[in-house]
Every structure is written in structure tokens, then in C-alpha cells.
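Q: I would like to learn how to read cores, salt bridges and pockets in a model. Can we go through them in turn?

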Amino acid sequence: MDREQDGTGPPGPSERTERLRRYLGELQERIDPRALELLLRLLQEVSSSPAARGGTYELGMGPEEKELFTPALQAELLVLFGLLTAGEERVVVDLGDSPHARGMKVLVPPDQAGDAEFLARHKSRVAAEAERREHDRREVEAIARASGMEP
């Protein structure tokens with residue numbers, strides 16, 4: 001018997017699918033249909049993004065969608081993403097108010113949710129990625145300007 005079958009390993013694909021299906025059913029009862037539609041679209045977008053491999057990703061949304069995307073809905077997206085991708089239980093943690101992580105929420109194993117050192121390392125990684133993206137953006141704009149293009 002393997003770890004998945006004896007209950008000590010991560011859930012298998014069918015168990016994960018069933019958990020996701022049940023949670024979506026609960027969401028359908030609890031939230032506005034437009035918010036659920038947005039969540040499903042964003043879940044599909046995020047699951048094929050760098051975030052699926054532990055990176056960061058900026059969601060593309062219009063003004064109406066941004067209004068619907070409340071902190072509570074953001075947490076629901078993370079829960080859904082975790083149910084879809086994580087082999088083990090994850091909880092939503094707010095990274096706080098550091099400059100590059102303001103309002104950012106992440107999925108972490110429950111035993112790391114209260115680990116200040118782990119969360120500080122995560123914030124540092126988020127800040128480094130944000131600084132790298134900003135540097136890359138400025139460099140592309142400078143190249144565009146040097147080429148006579150409007151950035």
C-alpha cells in the first residue's frame with residue numbers, strides 16, 4: 001500500500017478534484033454569480049501562470065472586475081488554487097504592509113503560517129522579484145526611447 005492509499009500521503013488527483021468540486025459548490029451558494037465567474041476565470045489564468053510554479057503573477061482585470069475582487073475574494077482564489085495544485089493542506093496568509101507585499105496573500109503549509117522567519121524570507125523574495133520586474137520595465141522603456149519609440 002502506498003502513502004496515498006493509506007492516508008499518510010498527499011491526496012491523489014481524484015480526491016483533490018472532489019475537494020475542489022465540493023468547495024466550488026459551496027462558493028456557488030455563498031457568493032455573487034459575477035464574483036464566481038471572475039474567480040473561475042482568474043483560477044484558469046493563474047493555473048497557467050508563473051504562480052503555478054511558486055512565482056508571482058499580476059492578474060489582468062478591468063475596473064469592474066477590480067471592484068469585485070475584494071480581499072475576501074482574493075483569499076477564495078488562493079484557496080481554490082491551493083485545492084487545485086497543492087498536494088497537502090495550505091492556509092492563506094497575508095504578508096502584511098511591506099512595500100512590495102502590501103495586501104498580498106500567499107498559500108503556505110499550516111505549520112509555517114505563524115513562522116515569522118519564513119514569512120520574512122517570503123516577503124524578501126517578493127520584494128526582490130518586484131524590484132527585478134521594475135528594473136526590467138525601466139530597461140525596456142529606455143531601449144524603446146533609444147529606438148525612437150514611445151515607451
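A: Start with a term: a nonpolar core is a set of buried Ala, Val, Leu, Ile, Met, Phe, Trp, Tyr and Cys residues joined through side-chain atoms within 4.5 Å. Buried here means under 20% relative accessible area. Keep in mind that this is a predicted model.

Q: How many residues does the largest nonpolar core have, and which have the most contacts inside it?
A: In soluble globular proteins, nonpolar side chains tend to be buried together. Here the largest nonpolar core has 18 residues, and Leu 27, Ile 31, Leu 39, Phe 69, Leu 73, Leu 77 and Leu 80 have the most contacts inside it. Helices α2 (13-30), α3 (33-47) and α5 each give two or more residues to this core. The largest share, seven residues, is from α3.

Q: What does Leu 73 touch, leaving aside residues up to four places away in sequence?
A: Leu 73 touches Ile 31, Ala 35, Leu 38, Leu 39 and Leu 68. There is also a second, separate core of seven residues, which includes Val 93, Val 108, Phe 118 and Val 126.

Q: How many salt bridges does a search of the whole structure find?
A: Side chains of opposite charge can pair when their charged atoms come close. The search finds nine salt bridges. In one of them, the closest N and O atoms of Arg 30 and Glu 76 are 3.0 Å apart. Arg 30 lies in helix α2 and Glu 76 in helix α5, so this pair ties together parts that are 46 residues apart in sequence.

Q: Where do Glu 141 and Arg 137 lie?
A: Both lie in helix α6 (residues 116-146), four residues apart, about one turn of the helix. Glu 141 is partly exposed at 25%, and Arg 137 is partly exposed at 38%. Salt bridges with shared partners join Glu 134, Arg 137, Arg 138 and Glu 141 into one network.

Q: Which residues lie nearest the centre of the second largest pocket?
A: Of the 10 residues that line this pocket, Arg 19, Val 79, Leu 83, Glu 89 and Arg 90 lie nearest its centre. The second largest pocket has a volume of about 160 Å³. Its lining divides into five nonpolar, one polar and four charged residues. The largest share of that lining, three residues, comes from α5.

How values were computed. Residues numbered from 1 in each chain as written. Predicted model: local features only at pLDDT ≥ 70, side-chain atom pairs only at ≥ 80, totals over all residues. Heavy atoms only, no water. 1 Å grid on protein atoms, 1.4 Å probe; cavity = no way out; pocket = protein on both sides within 12 Å on 5 of 7 lines; lining within 4 Å. Points joined across faces, edges and corners; volume = space filled by probe spheres on them. Nonpolar A, V, L, I, M, F, W, Y, C, P; charged D, E, K, R; others polar. Buried < 20%, exposed > 50% of the residue type's maximum accessible area, 1.4 Å probe, protein only. Contact = heavy atoms within 4.5 Å. Salt bridge = Lys/Arg side-chain N within 4 Å of Asp/Glu carboxyl O.
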